There are 2 protein chains.
Amino acid sequence: MSQSIPSSRLSVHSSGADGDRRRPNTWQAIRAEVLGRIRSGEWPPGSLIPTEQMLSVEMGCARATVNRALRELADSGIIQRRRKVGTRVAATTSRRTTLSLRVIRDEIEALGATYRHEMTECLTCAPSQAAMQALQLDASERLLLVKSRYLADARPHCCEAIWLHPRLLAMPGGAAADPGLFAAEPPQEWLARSLPVIQGHVSILAEAASGSCAVNLEVEPGTPVMAIERVTLLDGLPVAFARQFYPPRHRLVLGD
Amino acid sequence: MSQSIPSSRLSVHSSGADGDRRRPNTWQAIRAEVLGRIRSGEWPPGSLIPTEQMLSVEMGCARATVNRALRELADSGIIQRRRKVGTRVAATTSRRTTLSLRVIRDEIEALGATYRHEMTECLTCAPSQAAMQALQLDASERLLLVKSRYLADARPHCCEAIWLHPRLLAMPGGAAADPGLFAAEPPQEWLARSLPVIQGHVSILAEAASGSCAVNLEVEPGTPVMAIERVTLLDGLPVAFARQFYPPRHRLVLGD
DNA sequence: AAGTGGTCTAGACCACTAA
DNA sequence: TAGTGGTCTAGACCACTTA
């Protein structure tokens with residue numbers, strides 16, 4: 001059976017030991033080339049770059065490969081693509097970075113510290129103002145409020161308050177039957193386990209530690225803390241509203 | 001010339017008006033199907049799912065399409081893929097979300113507010129402790145420190161302190177010649193313009209407003225502020241260290 | 001050595017949109 | 001209507017990793 005050998009591939013390999021790069025036709029190589037031309041000023045911000053067709057000819061690869069490279073750059077916000085118009089170098093350098101939100105147990109263990117969890121409160125009550133807004137309900141509703149804190153080598157790492165909608169607790173495997181469940185497993189982990197793929201919104205803000213938050217983090221009331229708010233959706237409806245607080249030393253690092 | 005007609009496509013279309021979905025063979029549809037099986041518990045966390053080959057047969061599409069779908073899920077942290085081993089549903093629900101960091105002018109204009117910028121300080125001095133660490137240099141170095149604030153409808157939106165390495169100012173089009181440049185154009189925008197594709201690190205933390213930061217944001221000293229720290233690299237070396245502070249009301253929203 | 005994902009290719013058609 | 005990006009396909013080879 002005759003193997004079909006891509007000519008461009010062959011010609012490159014036959015040119016001998018010229019290379020640091022293994023194969024010049026990877027989408028990563030194309031991406032690097034395009035990035036280089038943008039960086040060098042050859043394709044300044046706001047300008048149109050050649051079409052996929054033209055680039056595939058110039059770079060000696062398939063259009064799909066160019067497409068893959070340009071799609072990655074578009075996902076990073078470096079270029080903008082529109083049908084019929086073409087591909088434009090982004091005018092404003094707005095970078096898109098990724099943030100990995102891990103379960104707190106992982107966060108602590110990644111530090112090489114010993115993980116511990118304590119439930120500090122667990123009660124049924126009316127929602128706070130913020131919880132009402134986040135969960136889109138009114139004051140007549142009754143929710144489960146669970147407060148916890150997480151320790152890394154016995155030092156406070158994070159504390160958390162989470163409002164759980166009855167709809168969530170009524171789920172199969174839910175905690176409706178056993179209200180003491182969250183003493184053993186933090187609500188966040190239970191949530192991650194119960195809803196295999198979590199959907200929702202996340203936002204980050206700075207706040208002054210108040211009340212139980214200051215106590216749990218062992219800081220003075222009024223100390224700045226970083227708050228991560230998460231609304232978890234189930235079938236498109238909000239069912240949990242969590243606020244996690246981190247002491248000032250904590251740093252959220254973004255990156256690929 | 002005979003056109004090659006994908007049989008699966010044809011058979012689907014010939015089955016008549018059964019569908020809300022236009023085409024069932026898109027990678028988005030495959031992704032949704034896989035996601036559904038994970039959510040339903042058919043493929044529980046930690047389990048192996050079928051190979052691309054098997055899925056492509058089952059779903060009646062090309063393996064490349066399955067690959068695209070699964071790659072997207074892997075990028076979101078929902079599944080983990082390893083050659084020879086297969087594809088596994090992620091055990092810990094660690095979600096990866098994206099954060100768009102825009103230039104502050106865009107941030108303010110997106111609020112529908114009027115943008116204004118003021119340079120409050122501009123001096124050459126020795127680096128602070130944090131700047132030394134971020135820029136990997138010692139106290140003998142002299143840097144340009146520029147402090148600015150940004151106003152949205154005349155209300156303080158953000159303030160910024162940025163340390164610039166001489167190497168950066170010496171660039172073509174640099175500010176070495178004209179130290180008053182940053183009165184007209186904020187350093188961050190100048191940076192975005194000068195370095196078309198910015199590389200660097202970003203981290204987020206909560207701090208107490210102090211000194212000029214409190215003054216510029218018009219808040220009491222000690223007020224919690226959210227700080228975004230950015231180190232900008234040029235040819236792999238750090239050349240700028242920026243700290244942007246936002247008042248407590250500010251909310252960083254993550255999401256696609 | 002063998003199995004799995006990662007990628008490239010050539011060709012085709014589709015979807016969107018400015019002119 | 002025409003031009004551009006978006007996607008699918010079938011087949012092939014490569015790269016990595018476990019056995």
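Helix α4(B) gives the most to the surface near DNA strand D, with four residues; here a residue is near a strand if one of its heavy atoms lies within 4 Å of it, and helices (H or I, at least four residues) and strands (E, at least two) are DSSP runs, numbered from the N terminus. The model is a predicted one, in which local features need pLDDT of at least 70 and side-chain atom pairs count only at pLDDT 80 or more, while totals for chains, interfaces and linings use all residues. Residues are numbered from 1 along each chain as its sequence is written, chains are lettered from A and ligands numbered from 1 in the order in which they are written, and side-chain values use heavy atoms, with hydrogens and water left out.

Around DNA strand D there are 27 residues, and those that come nearest are Arg63(A), Thr26(B), Trp27(B), Thr65(B) and Arg82(B).

A polar side-chain atom of Arg81(A) lies 2.7 Å from a phosphate oxygen of DNA strand D; for Thr87(A) the corresponding distance is 3.3 Å, and for Gln28(B) 3.4 Å. The elements giving two or more residues to this surface are α4 (63-75), β2 (79-82) and β3 (86-89) of chain A, together with α2 (27-40) and α4 (63-75) of chain B.

Next comes helix α3 of chain B (residues 52-59), where Glu52(B), Leu55(B), Ser56(B) and Met59(B) are buried (buried means under 20% relative accessible area, exposed over 50%, partly exposed in between, with a 1.4 Å probe and protein chains only). Seen down the axis of α3(B), these buried residues fall within an arc of 100°, so they line one face of the helix; the arc is that of the directions from the helix axis to the C-beta atoms. The face turned away from the buried side carries the exposed residues Met54(B) and Val57(B). Just after α3(B), Gly60(B) takes a positive phi of about 70°.

In chain A, the buried residues of α3 (residues 52-59) are Glu52(A), Leu55(A), Ser56(A) and Met59(A). On the other side of α3(A), Met54(A) and Val57(A) are exposed.

Notes
A polar contact is a pair of N or O atoms within 3.5 Å; within protein, one must be able to donate a hydrogen and the other to accept it, and residues adjacent in sequence count only if both atoms are side-chain atoms.
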